[in-house]
Amino acid sequence: MMSRIDDERYSFLAFARNHVFVTLFGIVAPVLLFACFIGYPIVYTIYLSFFEWNGMAPTKTFVGLANYSYMFGDKYFYISLENNLKWLVVSLAFPVVLGFLIAYAMRVRAVYFPTLLRTAIFFPVTMSLVAVGLMFLLILNPIFGAFDTVLRALGLGFLVSEWFGDYRIAIYTLAFVGGWAFTGLPMIFYFAGIGDVPKETFDAARIEGAGHLRMMLRVALPQLRSVTAVVVMLTLFESLKAFDLIAVMTKGAPFGRTNVLGYLVYLESFWNSRFGYGATVSVAILVLSIAIATLMLGTVFRGAFDV
Amino acid sequence: MGRSSNKLTRRKFLRTTAAIGGGAAASAFGLNSARAAPIELRYFYRAAWPTSETYANWLIDEWNKKNGDRVHVTGSSVDGETYKTKQTIELSSSSPPDIFYSWEGGRAAEIIKAGFSADLTPYYQKFGWDKSLNPASVTLATFDGKKYFVPTEIGASVVWYRKDLHDKLGLSVPTTWDEMMANAQKAKAAGIAPFMLSNQKKWPAQFMWSAMMVNKYGLDAYQGLIDNKIPWTDPRAVDITAMMQKLAEDGMFIPDFNSIDFAPAQVPWTQGKALYWYMGSFILGSFRGDQKECCQVPTDWFAFPAMSDKKPIMSIYDEDTVMIHAASKNKDEAAEFVDWMVSPAASAKKLEIDKPYASNASTDLSHLPEMEQRLGKAMADAGSYTFMHVDHGTPPAISDRFLDGLQGVLAGAISPQEAMAATETEAERVRGKIKT
């Protein structure tokens with residue numbers, strides 16, 4: 001009697017025999033590409049994390065778990081991790097919420113020129129973060145920056161701060177700049193998502209006397225669970241791989257208080273020539289990404305992708 | 001009737017074909033030997049300023065015009081920020097550059113230790129570089145008695161000052177630390193920031209720190225820190241950090257100094273908002289601006305003043321240096337190109353296109369403004385007793401923690417002891433504990 005596993009194996013082989021083209025280009029080729037360009041680098045990074053290597057010497061020194069042991073006692077690692085979490089919170093609170101609000105406002109025609117607004121808000125998504133960083137370096141410059149000048153002109157001079165120099169706010173400044181560039185993406189997702197919510201649902205809520213706030217929270221949001229799940233996942237990964245803005249705008253300054261894990265990997269690998277430790281921090285990012293994504297999909301967004 | 005003599009037989013055909021083929025091969029060989037393909041050299045350099053790129057292109061073009069049929073050079077550059085990242089990859093590749101830019105000090109030591117840099121001592125003798133180049137710059141190229149790089153551009157750190165402000169406030173050029181501080185107080189009272197500091201990217205504050213350390217406690221103490229013989233938690237290092245903290249607390253630096261980057265700092269400097277700026281001579285490029293000659297505002301310099309009864313020491317360092325890759329198959333030709341780079345002709349052009357100062361001690365400075373000539377002469381006369389700033393002297397991992405710590409102290413976020421302890425922790429990780 002054929003077991004279930006044998007039966008499935010047989011099924012796949014039968015499928016492959018009957019669909020050679022699909023098997024080759026739809027399964028084998030993508031798996032090979034994934035294995036070469038994603039799988040191998042991941043495996044090699046994990047392998048490298050057990051070594052000490054300056055990136056130049058022909059040989060690497062096996063150090064076992066020493067890099068991991070160092071990482072758990074490294075103050076810079078914890079500062080970077082904390083900054084990534086701050087970045088995530090700001091990104092969830094600012095571009096995601098704002099993106100949703102703008103999308104809703106456009107759908108209910110509460111704003112003028114919605115197409116123009118949509119284009120304007122989505123435009124920064126298409127910009128390189130390096131360009132965005134350089135632009136905001138000028139805008140927030142304490143000597144001639146436009147932002148401080150506008151604040152002073154509006155009588156809000158007391159709000160003027162050292163946006164990059166004050167270690168207490170520098171990471172939030174960066175996260176807000178990142179948020180500015182990212183807002184268009186959640187907006188466009190929510191805009192499409194709200195369009196799929198049956199109009200009758202909104203009409204019924206309106207007849208029942210619901211205002212915009214209630215319609216947003218009680219009608220739109222519950223039906224946009226899968227969209228929110230996608231947006232939150234994207235935000236999570238964007239936050240964990242934050243690098244460009246730090247590299248362009250602060251390089252971790254002031255005194256390492258704007259380091260994030262992605263920049264720490266670069267700093268340790270290429271600047272401090274410690275590729276083994278850089279790989280260890282990369283593994284930490286990988287584990288964190290998987291852990292947070294699994295946690296979210298298993299709790300808050302459980303079943304969000306079920307069809 | 002016999003066969004005609006001009007009839008094409010198989011033998012004749014083969015003979016003729018062989019003759020034609022042989023002749024063609026012989027002529028081709030002769031042609032090749034007469035016009036042998038030139039030796040190809042690759043020069044990988046760091047173009048930190050737009051003028052650096054212009055000058056490098058000029059260097060390569062001029063060389064190729066004169067020697068291209070024998071030794072042809074191809075350049076490839078990376079901007080200043082990303083050079084270090086690319087350098088590791090380039091040097092470890094299977095086809096590394098023959099000649100490449102390298103920093104002095106800690107980074108150079110890493111490159112040498114990794115075996116990428118050829119020993120250039122024989123070329124120093126062959127081309128007489130140890131006599132023609134600035135003595136301090138040659139000292140910095142020496143590691144364990146061997147010379148591993150050739151400095152092409154040198155720099156010195158001095159106190160730049162606004163001449164017009166000095167005159168307006170009736171100040172005289174200080175020769176001691178106390179005189180400089182007295183001037184600083186007068187400037188502060190007049191609403192002018194005594195010192196410019198553009199510390200957003202954290203490296204500028206170390207200039208003043210190392211000058212204070214050397215001039216208060218002597219070169220041996222400072223060099224002990226750099227050479228890993230004295231721990232960073234040494235009371236002298238902590239004291240200098242505390243002095244820097246006091247300067248910041250007393251409002252001696254321009255406001256928001258931890259938010260101002262090097263280039264934007266030119267704006268308040270030009271506007272006359274600061275009196276002094278302790279910085280490297282590479283700043284002359286910025287002082288010039290779009291003008292052909294320095295400076296956009298009346299500027300002069302003086303050496304960092306004495307802080308003790310010892311004669312003050314000027315920091316002279318190798319701003320640009322080149323190494324020859326140990327794996328290069330054409331080291332002799334590469335050395336010829338390097339000799340062209342430090343020749344009087346190329347050095348004179350460097351002053352014209354790029355920025356001061358060329359490492360060749362005999363470079364003609366006569367067309368530079370008097371102030372720049374004076375600095376060039378001071379550098380030539382300084383001898384070989386000098387020091388590098390921390391980020392040049394130590395490996396990047398140590399200097400990075402040091403710079404972070406110093407920035408934290410100036411921001412009032414951590415204490416001098418904490419800053420030096422963090423630096424020492426990192427130094428121990430790199431070089432181990434110092435045996436006492």
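The dialogue below takes up conventions, cores, a helix, an interface and a pair of domains.

Q: Which conventions apply to this predicted model?
A: The model is predicted, and local features need pLDDT of at least 70, side-chain atom pairs count only at pLDDT 80 or more, and totals for chains, interfaces and linings use all residues. Residues are numbered from 1 along each chain as its sequence is written, chains are lettered from A and ligands numbered from 1 in the order in which they are written, and side-chain values use heavy atoms, with hydrogens and water left out.

Q: Which residues touch the most other members of the largest nonpolar core?
A: In soluble globular proteins, nonpolar side chains tend to be buried together. A nonpolar core is a set of buried Ala, Val, Leu, Ile, Met, Phe, Trp, Tyr and Cys residues joined through side-chain atoms within 4.5 Å; buried means under 20% relative accessible area, exposed over 50%, and partly exposed in between (1.4 Å probe, protein chains only). Here the largest core has 89 residues, and B:Trp160 and B:Trp209 touch the most other members. Helix 10 (residues 205–217) of chain B contributes the most to this core, with 8 residues. Helices (H or I, at least four residues) and strands (E, at least two) are DSSP runs, numbered from the N terminus. At least three residues of the core come from each of domain 1 (39–153 + 318–376) and domain 2 (156–316 + 388–431) of chain B, with bounds from an automatic or database domain assignment. A second, separate core of 49 residues includes B:Leu41, B:Ile99, B:Tyr101 and B:Tyr124.

Q: Why does B:Val338 count as buried?
A: B:Val338 counts as buried because its relative accessibility is 1%. B:Val338 lies in helix 15 (residues 331–341) of chain B. Leaving aside residues up to four places away in sequence, B:Val338 touches B:Ile99, B:Trp129, B:Val150, B:Val322 and B:Ile324, where contact means heavy atoms within 4.5 Å. B:Val322 is 16 residues from B:Val338 in sequence and 7.7 Å away in space, C-alpha to C-alpha.

Q: How many residues of helix 4 of chain B are buried?
A: Helix 4 of chain B is mostly covered, with 7 of its 9 residues buried. Among the buried residues are B:Arg107 and B:Glu110. The cover includes helix 3, strand 10 (315–324) and helix 19 of chain B. After helix 4 of chain B comes B:Gly115, with a positive phi near 80°.

Q: What is the area buried between chain B and chain A?
A: The size of an interface is often given as the accessible area lost when the parts come together. Buried area is that loss (1.4 Å probe), summed over both parts. Between chain B and chain A it is about 2900 Å², and carbon and sulfur atoms give 56% of this. B:Ser259, B:Arg401 and B:Arg429 supply 19% of the area that chain B buries against chain A, more than any other three residues. The contact joins 35 residues of chain B to 33 residues of chain A.

Q: Which side chains meet in a salt bridge?
A: A salt bridge is a side-chain nitrogen of Lys or Arg within 4 Å of a carboxyl oxygen of Asp or Glu. The rule finds 1 across the interface of chain B and chain A, and the side chains of B:Glu426 and A:Arg274 form a salt bridge (2.5 Å, N to O). Helix 19 of chain B gives the largest share of the side of chain B that touches chain A, 7 residues.

Q: How many salt bridges lie across the interface of domain 1 and domain 2 of chain A?
A: The rule finds 0 salt bridges there. The domains are domain 1 (4–48) and domain 2 (69–300), and their centres, taken over C-alpha atoms, are 35 Å apart. Domain 1 of chain A gives 4 residues to the contact and domain 2 of chain A gives 6 residues.

Conventions. Buried area = accessible area lost by both parts, 1.4 Å probe.
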